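This report goes through a structure in parts, beginning with the surroundings of its ligand and ending with the chain as a whole.

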Amino acid sequence: MRIALGVSGGIAAYKAAELLRLLQDRGLEIQVVMTRAAQEFVTPLTFAALSGRRVITGMFENPGEALPGESAIEHIAVAQGAEAVVIAPATADVLARLAHGIADDFLTTLALATRAPVIVAPSMNVNMWEHPATQANMAVLRERGVQVVEPGAGYLACGMTGSGRMAEVLEIAESVFRALHLRDDFENETLLVTAGPTHEPLDPVRYLGNRSSGKMGFAFAQAGLRRRGRVLLVSGPTHLEAPSGINVARVETAGQMAEAVLEWLPQATVVIMTAAVADFQATSVVGHKIKKQDGTLTLQLRPTRDILSEVRSQRRPGQCVVGFAAETDHVLENAAAKLHSKSLDLIVANDVTQEGAGFAVDTNIATILFPDGRREALPQMTKLQLADRVLDAVAELRKCS
Ligand SMILES: Cc1cc2nc3c(=O)[nH]c(=O)nc-3n(C[C@H](O)[C@H](O)[C@H](O)COP(=O)(O)O)c2cc1C
C-alpha cells in the first residue's frame, strides 16, 4: 500500500520533494507521478532518488509486468495500490482536467481510476486562482469530495501578491495523515524493534542462518512511524530497505544484535523482538574455507547469547517488552511458556508451517498472548496490519499500567 504523489507543472514543484520526505517520515511508501510540465521544473531523478522508486512520467512508458494481485495496466495498478492520491502542487490546468473528468495523462487517469481519497494543494498566480473558471472547477471538486488544502496568501513567485501560494508542506502532509486516519498514539514512545535472521559464521564464506526475511520487524518499524513513534531498528541481514525517519543498526550475528539492542535499550519505552535469532553458533570459526571432504563433517555448536533474557535483566520499570514465538509445533504452549519464562508483557505466536504465515511471506496468522491468560487469535492479515494490532495491544497495556 502506498501514496501516489502527483506533481504538476507549477513553480512550487520543488516543494514536493520536501513533502515526500515528510510523508516518508511517517512510514509511508511513495509512488511519484509527474506530469510532462512538472518535469520542466524538477527532474524525475530527484524524486526517484528520494523515494527509492522509479518515477512515473508518462502513460505509455512502461507496458510492464504486473505484480501478483495487481493490474498489468500501470495506472490501474497504482490506483488500486494507493491509499491516497495527493497532488502537490496542483496547477490550474490539472484542477480543470480533474473537474471535467479528462484523463489525458497518467496523473489524471490515475485520479479517475482510484477509489482512494484525493487531496489537492492548488498553487498558481493569484489571477489564475481567482479566475471564475478555476473557482468553478474547485467548487466541482469540493462537491465531489476531493480534499483541498487551501492555498495561502502572500508574495507569489510571479511577483504578485495575493492568494494562490501553495499551502505549507507540513499542512499538506497533515491532510494526508488525516485522510489515512493515521493515529498519534505512539507520539511519546520509542520503539526498539529487532528484525530478520542472524548469520553465525562457520568459516570466511559460510554461515548458519534461517529463513527469516525481516518483513515482520520492518512492518513494526513502519507501523510505529505511522503512529508517530520514534523507531530504533536493529536488523539482521535482510534485503529490505528501512523507511526513512528511523534509526537502523544493521548487524550479522546474535552477539552483535545483543550489543546493539542493549546499547539502545535505555532509550526504549517499548521493545519488540521479532528477530529470528540463531540459537547456536560455532564454538570456533575456522579461519579458512572448510574444504569438501569424504565422510561426515562434525560441527561443534554452542548457544548464542539469549537477547531476551539480557533485556529482561536490564529492563527499566515501565518498559513494555513484546516477544515473538515462531514455532512449528505446540505453538501456543511453547509461546505461553516463553511469555512467562522471559517475563514478557505480550507474546505473538505464529505457526510458521501454516500457509500465509511465518517467514518471507507478506502475511501472517498469529495469536497474541497476554500474561493474564487472555488470548487473541487473529485471522490471516498483512504483516503491517498485524503490527498495528500488536501495537493496539501494547497501547492498551500502557493505558492500564
Ligand atoms: C515558469 C512557469 C511557472 C508556472 N507556474 C505555474 C503555477 O505555479 N501554477 C500553475 O497552475 N501553472 C503554472 N504554469 C503553467 C503550467 O506549467 C501550464 O499550465 C502547464 O500546462 C501545466 O501542465 P500540467 O498541469 O500538466 O502540469 C507555469 C508555467 C511556467 C512557464
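In this predicted model, helix 4 (residues 92-99) supplies three residues to the shell around the ligand, the largest share. The shell has 15 residues, and the closest are Ser8, Gly9, Gly10, Ala37 and Thr91. Sorted by class, eight residues of the ligand shell are nonpolar, six are polar and one is charged.

Is helix 4 enclosed or open to the outside? Six of its eight residues are buried, so helix 4 is largely enclosed by the rest of the structure. Those buried residues are Ala92, Val94, Leu95, Arg97, Leu98 and Ala99. The cover over them includes strand 3 (82-90), helix 5 (106-113), strand 4 (118-122), helix 6 (126-130) and helix 7 (132-143). Just after helix 4 comes glycine 101, which has a positive phi of about 70°.

On the helix 4 side the contact is made by Ala92, Leu95, Ala96, Leu98 and Ala99, and on the helix 7 side by Ala133, Thr134, Asn137, Met138, Val140 and Leu141. Nine residues of the contact of helix 4 with helix 7 are nonpolar, two are polar and none is charged. Of the residues that helix 4 brings to this contact, Ala92, Leu95, Leu98 and Ala99 are also among its buried residues.

Another helix pair consists of helix 1 (residues 15-24) and helix 8 (residues 169-179), whose axes come within 9 Å and cross at roughly 45°. Helix 1 is therefore oblique to helix 8. The crossing of helix 1 and helix 8 is right-handed. Lys15, Glu18, Leu19, Leu22 and Leu23 of helix 1 meet Val169, Leu170, Ile172, Ala173 and Val176 of helix 8. The residues of the contact of helix 1 with helix 8 are eight nonpolar and two charged, with no polar ones.

| Helix pair | Axes come within | Crossing angle | Handedness |
|---|---|---|---|
| Helix 1 and helix 8 | 9 Å | roughly 45° | right-handed |

Elsewhere in the chain, alanine 278 lies in the loop between strand 13 (270-273) and strand 14 (280-282). Is alanine 278 buried or exposed? Alanine 278 has 23 other C-beta atoms within 10 Å; the cut-off for a buried residue is 20 or more, so alanine 278 is buried. Leaving aside residues up to four places away in sequence, alanine 278 touches Thr198, Glu200, Leu208, Asn210, Ala254 and Thr304. Glycine 229 is 49 residues from alanine 278 along the chain, and the C-alpha atoms of the two are separated by 28 Å.

For the chain as a whole, there are 13 helices and 21 strands. Its C-alpha atoms fill a box of roughly 80 × 55 × 35 Å along the principal axes. Of the 401 residues in the chain, 43% are buried. Among contacts between residues at least 6 apart in sequence, 67% join residues at least 24 apart.

Definitions and conventions: Residues numbered from 1 in each chain as written. Predicted model: local features only at pLDDT ≥ 70, side-chain atom pairs only at ≥ 80, totals over all residues. Axes fitted to C-alpha atoms, helices over the stretch in contact; angles between N-to-C directions. Helix = DSSP H or I, 4+ residues; strand = E, 2+ residues; numbered from the N terminus. Parallel < 35°, antiparallel > 145°, perpendicular 65-115°, else oblique. Left-handed = near helix turned anticlockwise from the far one by under 90°. Contact = placed C-beta atoms within 7 Å. Nonpolar A, V, L, I, M, F, W, Y, C, P; charged D, E, K, R; others polar. Buried ≥ 20, exposed ≤ 12 C-beta atoms within 10 Å, placed from the backbone. Near = placed C-beta within 6 Å.
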